[in-house]
Amino acid sequence: MHDTIYSSEKILLKTACGFSNDSLVITFTGYMDQFLPESEGFGEFFFAKNGIDAIHVISKSNEWYQYGEMKDIINIILKYKSSYRNVFAYGISMGAYAAIRYGNVLDAIVIAMSPQYSINPSVMPGETRWLREAHRIFFTEEESVIKNPHKTIVFYDPLQYSDARHVDRIAKDIDICRVPIPYSGHFVAAYLSDIGIISKTLLDIINFKFNINEFMEEIHSIEKPARYYSEISHSIMKVDPYTALSFAQKALEMTRDDSSYLYHLSTLYRRIGDLRNAEYFIKKAIECSGSGLHYKRYLSLILIDEGRFDECRELVKTMIGINGQEGEYYYLMALCHAYEGNISAAIENGKKSVSLNPKYKRYKNTLDKLIRASGNRFFFFKYMAVVKLKRSRFIRSVMNGFFHINKYTRIYKLFCHARGQSFPKLPSITRTMHSNRPAA
C-alpha cells in the first residue's frame, strides 16, 4: 500500500509497505532537475514489483538533505523500522550521501552508489560540480564525522577522480566495502542497469547473497555498454576533445536517442568551436528528455555564443516561468544584456542572480564587473572586448586545435596502465551520423 506520511515545502516521505516483515529499504532520492508532484521515490517501482517494503525520502529541492526537519523524518522512519528484521538505506549521489549520513541512526546496511562525503567547499576543497547548490545551502551534517552504519557497501568508479576522492574521505570516517567499477562514471547505477545486472545486484545484497568476487568477474565478462565509451570521452575531453568526440559518437551510435549522450556530444562540439552541431545535438537532447531545464540552460549558452540574444532571452524567460528561484537563469539574462552592451539591464538581472545565491562567486564577480563598467567608459570598452573575444568562434577553434595532439592520448594511456586498466581501441570520428543533421 502506497501512502504519503509526511509532506512539507522541502521534503516528502512515502511508504510502500505490506509485502513482508523481512526487509525494509529506505531510499533517498538523488539530484533532480525538477520536482513534480507525481515524482516517484528512488527505486519505488522496483521494490514494489519485487515485494520488498520501502520508505522513500524524496527531496523537493537539491539541498543535500540539509533540512532542520530531518530529525522529525528520521524519528518517523524509526517507528516504522522497528518491526523489520533487516533494514537497508539506499541512494545514489546526493541520495547516497544521505544514506551514509543517516545509516548509523537507522542501524541500516547502506547501499551507496557514487556518494559524496560533502559538497561543502570548506570540507571538500576542489569539489566544483555543485558549487551553485553548495553556496545556497546552510550545512549542518558536516559538523561531525560520519558514524559507522551497520555495514556500508559503496559502488563507484575509481577512475572518476572526484568520486574517488569522496570515497577515500568517507573511508577515513567509517569502514566500507568498496566495489570499484572502472569507466562506469558518476552514474554507476545507470551503468549497472545498462549491462542488465542492477536488479540482481540489489536483490543479492538484500537477500545476503552478494559476493564481491563473483560480481567483479561478471562485470568484466559482460560486453561494455555505451556508458563505458561515454565515460572515457568525459575523462579525456579537456586534454583531447577530438579523441573524446570519437568516443562520444561511439556511445551515441550504440543508443541513438539517449539525452545524456546527446548533451555530452553537444558540449564537445561547442568545445571545438562547432556551434552548429552543438546546437543540433542539444536540441535533440531536449526533445528526447521531454523538459530538461539543464539542457535548455546549455542551449542558452550556445545561443549567446552565436550572438542570438533575442532567442536566448525568450528561452530563459520560459525557464524562469518554471523555476523563478534559480539564480542561474537571471545570470544568463544578464549575460545576454551585457553582450549587447545594455549594461543597466545586465546589472538589474545580475543583482537578482546574486540575491538568490549571494555566496556564489561567479555571480558576484560578474555583477562587480558590470557595475564597474557602468561608471567607467574605458573599463566598459575593455569589458566588451573581452566578452566578445570569449564568444569568438575562431578563438575557440584555434585554442582547442592545440589540444589535438597525440601526446595527450599517450599520457592518458600511461595513466590507465598505472591504474591497471586497459585503454580501449580508438573508434574513428564519423562525420555524418544522422542524415538530417548539419554537416560537421
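Rings of Phe, Tyr and Trp, the last taken by its six-membered ring, count as a pair if their centres lie within 6.5 Å. With that in mind, and remembering that the model in your viewer is predicted, begin by selecting F28, Y65, Y67 and Y102, which together form one aromatic cluster.

Now widen the view to the whole structure, where a search finds 21 aromatic pairs. To look at one of them, select F47 and Y90, whose rings are arranged edge-to-face, with 6.0 Å from centre to centre and 85° between the planes. If you follow the chain from one partner to the other, you will see that this pair links distant parts, since F47 belongs to helix 1 (residues 44-49) while Y90 belongs to strand 5 (residues 86-92), 43 residues apart.

Next, select Y263 and Y295, an aromatic pair that is tilted, with 5.3 Å between the centres and 35° between the planes. Here Y263 lies in helix 11 (residues 259-271) and Y295 lies in helix 13 (residues 293-305), so the pair ties together parts that are 32 residues apart in sequence. Is Y295 buried or exposed? Its relative accessibility is 13%, and because buried means under 20%, Y295 counts as buried.

Finish with two places where a lysine meets a ring. Select K224 together with Y228, and you will find that K224 lies over the face of Y228, at 5.6 Å from the ring centre. Then select K250 and Y229, where K250 lies over the face of the Y229 ring, at 5.6 Å from its centre.

Methods: Residues are numbered from 1 along each chain as its sequence is written. This is a predicted model: local features need pLDDT of at least 70, side-chain atom pairs count only at pLDDT 80 or more; totals for chains, interfaces and linings use all residues. Side-chain values use heavy atoms; hydrogens and water are left out. Rings of Phe, Tyr and Trp (its six-membered ring) pair if their centres lie within 6.5 Å; planes under 30 degrees apart count as stacked, over 60 as edge-to-face and the rest as tilted. Helices (H or I, at least four residues) and strands (E, at least two) are DSSP runs, numbered from the N terminus. Buried means under 20% relative accessible area, exposed over 50%, partly exposed in between (1.4 Å probe, protein chains only). A charge sits over a ring if NZ of Lys or CZ of Arg is within 6 Å of the ring centre and within 35 degrees of the ring normal.
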